[in-house]
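Visitor: I am new to this structure. Please take one part of it and go through that part closely.

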Amino acid sequence: MNNLIFTAPDGALPETNSPAYDLLLILSDGNKHARDYLCNQLGGGFRANLQQLMSGYYQHWLIHSEQSEYEGKKQAYYWLDERHFSYDWEQDKDARTIARKQYKDRSYYGSRNAVKRLKQAEKEKAEADKEYEQRIESKKPTED
């Protein structure tokens, strides 16, 4: 972890008693780590902690991932970008700039797709409402 502390900006390091810190500590060895390995080391899921590290919450750590095999199962591997280990503030800043752009790209495309999905969902709901009205509501006895 010492190799990360030197160039990490204020607010980039999680509290030492937090699960996000435990994840960053594992990743600070510079190696690729399989999802199952991380789950075993951290005592369960780590997705929320990974998202915190990669987001603005902890100043956008650039964490790479790829699919590969681990103990006969295909799964994701995670590792920190080497620029975080450079002892060079400019390289660390470059990594954080890339991570921020990737994070904002995902946010943008997720939002854009949600808007598209909302339009489709409105149409599908209107169709379901109409069918419900025709098939269910029309069969209810009327009060006279």
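**A loop residue and a helix with two partners**

Guide: Leaving aside neighbours within four places in sequence, D81 is in contact with L62, H64 and A95. The model is a predicted one. D81 itself sits in the loop that runs between β3 (73–80) and α5 (89–135). With a relative accessible area of 2%, D81 is buried, because buried means under 20%.

Now to the helices. Two packed helices are described by the angle between their axes and by the distance between those axes. Helix α2 (residues 19–27) packs with helix α3 (residues 35–42) at an angle of about 130°, and their axes are 11 Å apart. The pair α2 and α3 is therefore oblique. In passing α3, α2 makes a right-handed crossing. On the α2 side the contact is made by D22, L23 and I26, and on the α3 side by Y37, L38, Q41 and L42. Sorted by class, this contact of α2 with α3 has five nonpolar residues, one polar and one charged.

Helix α2 also packs with helix α4 (residues 47–54), here at an angle of about 75° and with the axes 9 Å apart. Angles of 65 to 115 degrees count as roughly perpendicular, and α2 and α4 are therefore roughly perpendicular to each other. P19, A20, L23 and L24 of α2 make this contact with N49, L50, Q52 and L53 of α4. By class, the contact of α2 with α4 has six nonpolar residues, two polar and no charged ones. L23 of α2 takes part in the contact with α3 and also in the contact with α4.

Conventions
Residues numbered from 1 in each chain as written. Predicted model: local features only at pLDDT ≥ 70, side-chain atom pairs only at ≥ 80, totals over all residues. Heavy atoms only, no water. Axes fitted to C-alpha atoms, helices over the stretch in contact; angles between N-to-C directions. Helix = DSSP H or I, 4+ residues; strand = E, 2+ residues; numbered from the N terminus. Parallel < 35°, antiparallel > 145°, perpendicular 65-115°, else oblique. Left-handed = near helix turned anticlockwise from the far one by under 90°. Contact = heavy atoms within 4.5 Å. Nonpolar A, V, L, I, M, F, W, Y, C, P; charged D, E, K, R; others polar. Buried < 20%, exposed > 50% of the residue type's maximum accessible area, 1.4 Å probe, protein only.
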